[in-house]
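Dear colleague,

Please find below the structure that I am handing over to you. My notes on it follow directly after.

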Amino acid sequence: MTVTPEQQAEIDALRAEAVPTLRTVSTGMESVLHTAFPVLDHGFVRVVDYMGDDAAVVQAARVSYGRGTRKVNEDRGLINYLMRHRHTTPFEMCEIKLHVKLPIFVARQWIRHRTANVNEYSARYSILDREFYVPAADQVAAQSTSNRQGREALLPADQAGRVMDILRDDARRVYDNYRWMLNETDEGEAEDPTRDRLARELARMNLTLNYYTQWYWKTDLHNLLHFLSLRADPHAQYEIRAYAETMMDITHRWVPLVAAAFEEYRLGGAHLSRSALHVVRRMLAGETPAREETGMSPREWRELMALLGRDA
């Protein structure tokens, strides 16, 4: 993880400053507020701010005042009910703002979740750092033959090493060319006074997608959980899943009852189609239905059998 000295100074100052508040706070979140959690080789996720906790979800569902005299088990039961029956509005009452450093290609996947407020580091205005992502050897895998957007078996060590060398060498070369075109020192002076400087908005287009960018990302708890349901899934691309898993850990610290319900009913649960539910009922009755008589496609059938732990 790479946090600049300026960012670390800001983090240290914020964590050293204790501010009295009448707001409801999450004890677990307060303990890690502003802490940068490392992700991949140079990335991180940092909580900048948040609003609400488990009790805020319960309060919104009951439209009640304060915490009252309810017990934790009562709150847990209501949150489980809301999650199980997909009542989403109460979860929208909590919000979180994250500072994320991530490779550009991960950011382009991430931004498809259009339910957040995002402000990204501007390479039109500033110069990107010489930081790029190179996957570890245990993540350099061949193209899947059954999934056009997935990976399969790992490449042999010699091939993986060659891939990593190419990625590293190309990234270094394009950054050198990027800085040559900018013709600018870190102090803002011309490196070569005899040459003009290319506009930053043009020079940036030469950089590879594994270079790191940064953004502030603010969303509500409902949309955060939707993001995690897709990106913390084992089928998600490893790189964005690494961020999602870190965010899942943060969510447990922030709203532990909601996080537990989410893992129980969403991440660890399953949504069955009408046809799939009919098949399960027939199996429970002792029947062994054939796929052809169910109206399910071969892929749907394979997915259902995998879900049930049976051979297709």
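In these notes, contact means heavy atoms within 4.5 Å. By that criterion, and not counting residues up to four places away in sequence, Glu131 touches Thr2, His42, Lys101, Asn210, Tyr211 and Tyr212.

Two remarks on the basis of the values are in order. The model is predicted, so local features need pLDDT of at least 70 and side-chain atom pairs count only at pLDDT 80 or more, while totals for chains, interfaces and linings use all residues. Residues are numbered from 1 along each chain as its sequence is written, and side-chain values use heavy atoms, with hydrogens and water left out.

Glu131 is placed in the loop between strand 4 and strand 5; helices (H or I, at least four residues) and strands (E, at least two) are DSSP runs, numbered from the N terminus. Glu131 counts as buried because its relative accessibility is 10%, where buried means under 20% relative accessible area, exposed over 50% and partly exposed in between (1.4 Å probe, protein chains only). One of its contacts, Lys101, is a salt-bridge partner, with the closest N and O atoms 2.3 Å apart. A salt bridge is here a side-chain nitrogen of Lys or Arg within 4 Å of a carboxyl oxygen of Asp or Glu. This pair joins distant parts of the chain, 30 residues apart, with Lys101 in strand 3 (residues 95-103). Both Lys101 and Glu131 are buried. Between the C-alpha atoms of Glu131 and Ala276, which are 145 residues apart along the chain, the separation is 47 Å.

Domains and their interface

The domain assignment, which is automatic or taken from a database, gives domain 1 (5-133 + 210-267), domain 2 (151-208) and domain 3 (274-308). The C-alpha centres of domain 1 and domain 2 lie 32 Å apart. Their contact takes 15 residues from domain 1 and 17 residues from domain 2. The area buried between these two domains is about 1,400 Å², with carbon and sulfur atoms giving 52% of it; buried area is the accessible area (1.4 Å probe) that two parts lose on being put together, summed over both. On the domain 1 side, Arg124, Ile127 and Arg130 supply 42% of the area buried against domain 2, more than any other three residues. Two salt bridges are counted between domain 1 and domain 2. Separately, the side chains of Arg124 and Glu201 meet in a salt bridge (2.5 Å, N to O).

Other salt bridges

The whole structure holds 18 salt bridges. Among them, Glu184 pairs with Arg197, the closest N and O atoms being 3.9 Å apart. Both residues lie in the loop between helix 6 and helix 7, 13 residues apart. Glu184 is buried because its relative accessibility is 9%, whereas Arg197 is partly exposed at 39%. Glu184, Arg197 and Arg200 are linked in a network of salt bridges. Glu287 and Arg282 form a further pair, with 2.8 Å between the closest N and O atoms. Here Glu287 is partly exposed at 37% relative accessibility, and Arg282 is buried at 18%.

A surface patch

Leu198 lies in the loop between helix 6 (157-182) and helix 7 (200-203). Leu198 is partly exposed because its relative accessible area is 31%. Together with Leu202 and Met205, Leu198 forms a nonpolar patch on the surface, with about 290 Å² of accessible area in total. Patches are made of residues with over 30% relative accessible area and no salt bridge, like charges being joined within 9 Å and nonpolar side chains (Val, Leu, Ile, Met, Phe, Trp, Tyr) within 5 Å. Accessible areas come from the Shrake-Rupley method with a 1.4 Å probe, and for residues only the protein chains shown count as cover.

With kind regards
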